[in-house]
Amino acid sequence: MAVREKFEYELHSAQEQLITLSTMAIDALDKSMKALIAHDIDKALQVIDNDANINRLEEELNDQVILLIAKQSPVATDLRRLIVTIKVASDMERVGDYAVNIAKETIRIGQQDLLEPINKIQRMHELATSMLRQGIDALIEEDVEKAKEIADLDDEVDDLYGEAIRLLFQHSAQEPEKLSQVTQLAFVCRYMERSADYATNIAEQLFYLVRGRHYDLNK
Amino acid sequence: MNTATIKTKIDTAQPATSVEQAEKESVYSTRQLNLWYGNNHALKNIDLEIGENEVTAIIGPSGCGKSTYLKTLNRMVELVPSVKTSGEIHYRGRNIFDSSYGVEELRTRVGMVFQKPNPFPKSIYDNIAYGPRIHGIKNKKILDEIVEKSLRGAAIWDEVKDRLNENAYGISGGQQQRICIARTLAIEPDVILMDEPTSALDPISTLKIEELVQELKEQYSIIIVTHNMQQAARISDKTAFFLNGEVIEYDRTDTIFSNPADKRTEDYISGRFG
């Protein structure tokens, strides 16, 4: 195989690995929310157990990319593509960690009835997972237009986050005995909001990849 | 925030890399240079400004005209009988093609180092003293000073100071190449042209020459033709990409290797052709 073809092949393989990693992380986030809503402790435990696979995949992908950089000395778009791959992989690994955190909160909450802002948290979750999926699709297709929409959705997530936290504080004032669940759900809110921010990061990375310039879409 | 706002934010954002350094004075201004070897149109409408105290790298696939361009800068290309040129090359404000411009005068100001080390079959000392002697310097003390200064300038003094009377053929290729650089420095040039100066050297000697180029640019303007992309990226301030006798892109080296404007440049530096 010609050197350039081998590079293309290995680059493609790193990108496939990134898709697998991202799918696993987004699925974990999805599963952790389902476990929370259904009070499903077994499901929550599965999310925690599976995180080691996500972490391992991210390490493998890092090694693969570092080797490719060392062997091929890529420049310009090729180099950016590799750097973006490891940065996005690191973000997706973090999303997997948030799923684990949500699973742990699920176990702590146990069979208590969930407080009303859970509807807003569910909506945040829908938006965050859809943004992450769209981010990965945009990145793979290198579709800048698709990436722009993600920043719009992030504003909606931020608004929901503000509303949910305000409602949770109201609960803590009215029902002090629910303080512990208020804290746990506030953390879940935070994890969802951060996950959505990572989707925006992916959009920024895509801009960097395509245009070679840095943009801040989180402002 | 709506999509239009995002778009504005994206399109107006100033990336960190847009900070341009102040342009340095040009030592060479090439204007609409064309060159033919017989019927072969080897250089086409070249416009290039070469900055003072900078390293300018010229890259491009074999046969793209980069060595021809380099040899035009000291009019060495005129040694080829069928050569014809049009356009202008101004060195320090004077057109080097003017009939009043003496080629010897030009070559005293513009030194050249070649791909293969080419010391004279003489002692190390005589290699360095050759140029100054031609220019009429006979005083031994002055010649000694020039030899030491030039060898120090080429970062090889410590390696050869105890064997100055030995034949220059007896040292390694990397050392020979630095002797050739010292020989160039001995006539105190303004510009040094380097035609693939490390392509015949091992990695350690290459590194030494690259470090030397970095030091020399403090005092000289250097134009280097290289096939080694990483070398161009490491040591040059500006890079010109030549293809089929044309300058496709000329920009700061950081830009050429991180975000080139022309797809052909990107394809070449990424190894898609050449």
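Helices α4(B) and α5(B) are roughly perpendicular to each other, a label given to angles of 65 to 115 degrees, with those under 35 counted as roughly parallel, those over 145 as roughly antiparallel and the rest as oblique. Helix α4 spans residues 124-134 of chain B and helix α5 residues 140-153 of chain B; their axes come within 9 Å and cross at roughly 110 degrees. Here axes are lines fitted to C-alpha atoms, for helices over the stretch in contact, with angles running from 0 to 180 degrees between N-to-C directions. Helices (H or I, at least four residues) and strands (E, at least two) are DSSP runs, numbered from the N terminus.

The model is predicted, with local features needing pLDDT of at least 70 and side-chain atom pairs counted only at pLDDT 80 or more, while totals for chains, interfaces and linings use all residues. Residues are numbered from 1 along each chain as its sequence is written, and chains are lettered from A and ligands numbered from 1 in the order in which they are written.

On the α4(B) side of the contact stand Tyr125(B), Ile128(B), Ala129(B) and Pro132(B), which meet Leu143(B), Ile146(B), Val147(B), Ser150(B) and Leu151(B) in α5(B). Two residues are in contact if their C-beta atoms, placed from the backbone, lie within 7 Å. By class, eight residues in this contact are nonpolar, one is polar and none is charged; Ala, Val, Leu, Ile, Met, Phe, Trp, Tyr, Cys and Pro count as nonpolar, Asp, Glu, Lys and Arg as charged, and the others, Gly among them, as polar.

Turning to chain A, the secondary structure comprises six helices and zero strands. Of the 219 residues of chain A, 40% are buried, that is, they have 20 or more other C-beta atoms within 10 Å of their own; 12 or fewer makes a residue exposed, and values in between partly exposed.

Most residues other than glycine have a negative phi. Ala76(A), in helix α3 (residues 76-109) of chain A, has a positive phi of about 50 degrees. Asn53(B), in the loop between β2 (40-51) and β3 (55-59) of chain B, also has a positive phi, near 50 degrees. Ala76(A) is partly exposed, with 19 C-beta neighbours inside 10 Å, and Asn53(B) is partly exposed with 15.
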